Structure formats: C-alpha cells, structure tokens
Amino acid sequence: MAFGAFATSTPTPGAEPAIRRRSPIALFLLLPGALYLGLFFLVPLVSLIITSFERPSDIGLPGVYDYAFQWQNYVDAVQQYWPHIVRSFGFAALATVLALIFGYPLAYFIGVKLRRYPLWQALALTLVIAPFFISFLLRTLAWKQILSDEGPIVGALQALTILPPGSHITGTPGAVIFGLTYNFIPFMTLPIYTSLERLDLRYVEAGGDLYASPATVFRKITIPLSMPGIVSGTLLTFIPASGDYINASRDFLGGTDTQMIGNVIETNFLNLENYPIAASLSIVLMIVILILVTIYVRRSGTEDLL
C-alpha cells in the first residue's frame with residue numbers, strides 16, 4: 001500500500017515549472033558552443049561540399065569556377081589520385097600499429113608500475129607531453145636533419161655496412177612512417193595511460209590467485225579493461241595521420257613517391273588552384289575515415305565512443 005501510494009503520488013507543486021524555468025538557461029549556455037560549431041564547422045563543410053561540385057567557368061581563367069552539380073569531379077579525383085589515397089591509409093595504419101606497440105608498454109609502465117611513486121609518475125607523464133611544447137614543424141624538420149645523408153644515423157649505418165653507399169633514409173616510405181609514428185605516439189600513449197591508471201589492480205591480483213600466468217592475466221584482464229583507451233588512442237592517431245601532409249612533404253621526410261592525400265589536396269588548393277578536385281578529395285577522405293572508424297569502433301565493442 002505504501003509503495004502504491006508512493007507510485008501514484010502527485011508531484012510537488014512548482015517542481016515542473018522550476019525545471020521549465022531552467023531550460024532556457026541551459027539553451028542559453030549551449031548557444032556559444034552551437035554558434036562556434038556552426039560558424040567554424042558547418043559553414044566550412046557546406047562550402048567545401050558546394051566547391052566539390054563546381055565546374056570550370058566559361059571565362060576560361062584559372063582558379064575561376066561556376067556553381068554546378070558536377071559529380072564527375074569525384075570520379076576524376078578518385079581515378080587520378082587513388083594511389084595517394086591507398087598510400088595515405090596504408091601509412092596511417094602502419095604508423096598507428098607502431099605507435100600502439102611503443103605506446104602501450106610506455107603507458108602501462110607509467111599507469112601501473114609507477115602508480116606507487118607519484119613523483120616519478122608525474123615526471124614520466126611530463127616527458128611524454130614534452131614534445132607538444134615544440135612546434136610540430138620544428139620536430140619534423142629536426143628529424144630531417146638527423147636522417148639526412150650528412151646526418152649521424154646514415155653515416156653510422158653506412159660505416160657498419162647496414163646501409164649501402166649512396167642510399168637514403170629521407171624521401172622513403174620508412175622515413176614518412178617513422179615521422180608519423182614519432183609525432184603521434186603521445187596521442188596513443190595518453191588515452192591508454194588514462195585507462196590503465198584507473199585499472200583496479202585487485203582484478204590482476206585475483207587472476208594471479210587463480211593460478212593464471214602473468215601473460216594470461218595480461219591478455220584476459222589488463223587488455224580488455226584498457227580497451228577504451230586503446231580504441232581512443234588508435235582513433236586519435238589514425239585520423240590525423242591519414243590526412244597528414246607535413247611528414248610526407250618533399251620539404252621534410254617525404255619524396256616524390258611518398259606523397260599522401262594531404263599533399264595532393266594542398267597542391268591542388270594552393271598551387272594548381274583546382275579547387276573542385278581538392279574539395280572532392282577532402283570529402284572522400286572524410287567519408288572513408290568515417291566509414292573505417294565506424295566499423296572499427298563497432299567491431300571493438302566500444303560503440304559508446306561514437
């Protein structure tokens with residue numbers, strides 16, 4: 001009876017109007033963020049889509065286009081630059097895997113092994129974040145100098161007969177993948193560290209008490225519990241690496257045969273003034289990344305990240 005009376009009791013007078021009075025305030029607080037997203041995301045996106053359908057103007061001047069609905073721009077873009085698209089996602093996937101291989105042990109050491117030593121843990125985190133205090137361009141340019149033919153690494157490898165005389169490191173796919181991995185390792189390490197830092201070590205101890213080997217405990221307990229961090233880290237690494245145009249540039253670590261889709265978009269926008277093709281490639285890159293990310297997140301069982 002008491003429960004029935006509770007279930008059928010009328011709400012407190014004035015409660016619903018109070019909620020309604022707070023609603024406009026919440027909408028007002030959301031207004032700056034909505035305006036920001038609309039101005040700096042939706043408007044450029046719509047402009048990019050419109051540009052991707054434009055056709056050359058009848059005037060015949062370079063860089064002048066008319067509004068149209070020309071689907072052929074997408075066909076031409078994919079047919080002409082499909083090797084760059086495949087290369088971009090291949091380089092990004094390899095860099096993501098390498099970043100995971102190097103970043104997970106680092107995150108595990110900081111988040112689990114150094115948990116009892118807060119000072120050393122903070123110092124290790126600072127070292128991981130330290131590269132962000134230096135410009136992305138400067139870090140990549142520094143590696144170009146280190147890996148150049150006159151640099152110490154090439155000289156040492158040639159002295160050890162590991163690298164044949166006249167061989168190069170810069171301008172090769174390996175140099176581009178190395179640059180991507182180096183620059184995005186912090187993006188992989190920090191989300192994994194966040195998951196491992198919240199890991200309840202009693203689960204690990206329970207696995208040991210049940211006579212599971214350390215490898216089994218790591219595979220069955222640690223990795224599944226840190227999966228949200230792994231998924232977040234791989235997304236934060238793969239997505240920007242796919243559109244990167246600095247590492248693959250001929251001015252940095254790349255060469256003629258290592259150009260990625262970001263370099264093609266930059267060239268078409270700034271040099272060739274072929275805006276519809278550049279916009280089409282940008283939309284294609286966005287769509288492919290969205291499809292790959294959706295499939296990956298759903299297969300990993302972390303749909304809440306979408």
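1. Phe 187 counts as partly exposed, because its relative accessibility is 30%; the classes used here are buried for under 20% relative accessible area, exposed for over 50%, and partly exposed in between (1.4 Å probe, protein chains only). The residue is found in helix α7. Helices (H or I, at least four residues) and strands (E, at least two) are DSSP runs, numbered from the N terminus. Leaving aside neighbours within four places in sequence, Phe 187 is in contact with Phe 132, Gly 233, Leu 236 and Thr 237, where contact means heavy atoms within 4.5 Å. Val 128 stands 59 residues from Phe 187 along the chain, and the C-alpha atoms of the two are separated by 9.6 Å.

2. On the basis of the model: it is predicted, so that local features need pLDDT of at least 70 and side-chain atom pairs count only at pLDDT 80 or more, while totals for chains, interfaces and linings use all residues. Residues are numbered from 1 along each chain as its sequence is written, and side-chain values use heavy atoms, with hydrogens and water left out.

3. Asn 268 lies in helix α11, which covers residues 261-271. Asn 268 counts as buried because its relative accessibility is 2%. A polar atom of its side chain lies 2.8 Å from the backbone oxygen of Val 264. The term polar contact denotes a pair of N or O atoms within 3.5 Å; within protein, one must be able to donate a hydrogen and the other to accept it, and residues adjacent in sequence count only if both atoms are side-chain atoms. Not counting residues up to four places away in sequence, Asn 268 touches Tyr 81, Glu 273, Asn 274, Tyr 275, Ile 277 and Ala 278.

4. Glu 273, one of the residues touched by Asn 268, lies in the loop between α11 and α12. Its phi is positive, about 55°, although Glu 273 is not a glycine. With a relative accessible area of 30%, Glu 273 is partly exposed.

5. Helix α12 comprises 26 residues (275-300), which at 1.5 Å a residue should span 38 Å; the end C-alpha atoms are 37 Å apart, and the two values therefore agree. The expected span is 1.5 Å times one less than the number of residues in the helix. Gly 301 follows α12 and has a positive phi, near 75°.

6. A positive phi also belongs to Thr 161, at about 60°, although this residue is not a glycine. Thr 161 is placed in the loop between α6 (152-159) and α7 (173-197). Thr 161 counts as exposed because its relative accessibility is 68%.

7. Asp 149 has its place in the loop between α5 (136-147) and α6, and is partly exposed with a relative accessible area of 34%. A polar contact of 2.6 Å joins the side chains of Asp 149 and His 168. Not counting residues up to four places away in sequence, Asp 149 touches Val 154, Ser 167 and His 168. The C-alpha atoms of Asp 149 and Gln 80 are separated by 33 Å, the two residues being 69 apart along the chain.

8. The structure holds 2 salt bridges, a salt bridge being a side-chain nitrogen of Lys or Arg within 4 Å of a carboxyl oxygen of Asp or Glu. Side chains of opposite charge can pair when their charged atoms come close. Arg 55 is partly exposed at 29% relative accessibility, and Asp 66 is partly exposed at 24%.

9. Asp 200 and Arg 202 form a salt bridge in which the closest N and O atoms are 2.8 Å apart. Asp 200 is partly exposed, with a relative accessible area of 25%, whereas Arg 202 is exposed, with 62%.

10. Tyr 36, Leu 37, Leu 39, Phe 40, Phe 41, Leu 42 and Val 43 make a nonpolar surface patch of about 770 Å². Patches are made of residues with over 30% relative accessible area and no salt bridge; like charges are joined within 9 Å, and nonpolar side chains (Val, Leu, Ile, Met, Phe, Trp, Tyr) within 5 Å. Accessible areas come from the Shrake-Rupley method with a 1.4 Å probe, and for residues only the protein chains shown count as cover. Leu 39 has its place in helix α2 (residues 15-52) and counts as exposed at 52% relative accessibility.
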